[in-house]
Every structure is written in structure tokens, then in C-alpha cells.
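I opened a new page for this structure today. Here is what I looked up, entry by entry.

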Amino acid sequence: MNHLHSFRFNAFSEQTYLLDHGNGEATVFDPGMSSLEERFHFEKACKTLGVVVTQCLLTHAHLDHVMGTAWVSDTFGCGPRLHPTDETTWTQAPISAKLYGIDMDELPTRGEDLGKQGTEISCGDMKLEIRLAPGHSKGHVVFVCHSQKFVIGGDVLFEGSIGRTDLPGGNPDVLAQSITEQLFSLEDDYIVYPGHGGPTSIGKERASNPFVNGAGTGMLQQ
Ligand SMILES: [Zn+2]
Ligand SMILES: [Zn+2]
């Protein structure tokens, strides 16, 4: 994917993505840059690409996905946009940071709430469709780009795995339903860029994911 750049940040090996709109602007997804080095690296990548971040979108608000939101807000002037049903995850993030003994900036003021299922967000000429995909967190969303056939998937579906469901707001049955209805309804050649690990395709996970698959034989489907 030419326009999508990935970064692995923080103690949780979280994947942050930067989508170059092709017009000098860019969207950052799940900014997890937590150290000076990570922030410097990200800013340098933006300069090299010649883009300014104008939009910050969150799949969900777990600690590892929001650690860079205050810095992004300060540096680029855009507050993170979250689905309102994930509000409790957002307010929990600094408390989780304390429990883990991790230094975290105070959460910034959020941008406009993400809209309902099917709402489209513009990234230059590209459009992203919001799909609600709860089960890992209560208000988790995925962003689907149909023209370029990719998904910013957060912690729903990983290569050969799925998001954990033992955290507050998690529910294995709901997660299985989200994967089946919101992701497996896409064609095989859509690429999923997850919140942890490398990209995978809908076709590959539909065929062989051990937790949720197209044959209905996954561990969450029996
Ligand atoms: Zn998560
Ligand atoms: Zn995560």
C-alpha cells in the first residue's frame, strides 16, 4: 500500500498507521508514540513524506492506542476522534497506565465523535467507511477503504488470531459476530492492517483463522 505507512510503538508493540492523502495532508490512526525517540521518528517520517497530520482517528481507546494522542494534538492541532460508545475505555486509559506503572500524558480534548455505522470519512480523495466492531472493546470501530481495499482494523482480527476479550467491555461472542458480519462480508483481497503484528488478508483469515473462520469451525464458533 503506497499511501499507508506503519510504525510499531510503545511497550505493547502497537501499530500506528499514517495515511498519506496525496495532497500534503495525512491521517494518523491509533497514535501510540510514547517516547521522545518514537515521536521524533514519526515527525521525521511526516517531513520526509511532506505531509502534515490533519486528522486523528481511533479504532478504540485502549492505553496502547492513545498514548500519543496528547502529543499529536499539541504538535498538529487535531484532537482524536473516537466512537462515543468507547468513552469508558478512554477514561480508563490513564488509570490503566498507572496500574502498569507507565508514564502517560494527560488525555487531550477529543475531536468530533465518530459517526454511526456506515458513515464515511474523507482522507483527501479516499473515503473510509466506519463499521462498528465491538467485542474487544465496547465501542471499537474499523475503517474500511473500498477504493484501495484495505481495513484499519485495530484489535479485532490479527494474522491467525483475534483481539483479547478478557478486558472490561470484552465479549467473545460479540467479537466473533463482529468479525463475521463486519469483516468477513468483505472480499478476500481486502488487506487488514491490525493494531498488533503485520497485515493479513480477509481471504487468509476466512480460510484459516483458528478462532473465527468462514467454515464456522473456529474456537469461538463452536
Ligand atoms: Zn485494544
Ligand atoms: Zn492494542
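I began at the end of α3, which is followed by glycine 77, with a positive phi near 75°. My helices (H or I, at least four residues) and strands (E, at least two) are DSSP runs, numbered from the N terminus.

A note on the source: this is a predicted model, where local features need pLDDT of at least 70, side-chain atom pairs count only at pLDDT 80 or more, and totals for chains, interfaces and linings use all residues. Residues are numbered from 1 along each chain as its sequence is written, while chains are lettered from A and ligands numbered from 1 in the order in which they are written.

**Inside α3**

I looked for buried residues (20 or more other C-beta atoms within 10 Å of the residue's own, C-beta atoms being placed from the backbone). In α3, residues 69-76, I found Thr69, Val72 and Ser73 buried. They cover an arc of only 100° around the axis (taken from the directions from the helix axis to the C-beta atoms), which puts them on the same side of α3. An α-helix has 3.6 residues a turn, so residues three or four places apart point the same way.

I then checked what the buried residues of α3 pack against: β3 (25-29), β4 (52-57), α2 (63-66) and β5 (80-81). Contact here means C-beta atoms within 7 Å.

**The sheet**

I traced an open sheet of 5 strands, ordered β1-β2-β3-β4-β5, with mixed pairing; strands pair if DSSP finds at least two bridges between them. β1 (4-9) and β5 stand at the edges with a single partner strand each, so one side of each has no neighbour in the sheet.

Methods:
A residue is buried if 20 or more other C-beta atoms lie within 10 Å of its own, exposed if 12 or fewer, and partly exposed in between; C-beta atoms are placed from the backbone. Two residues are in contact if their C-beta atoms, placed from the backbone, lie within 7 Å.
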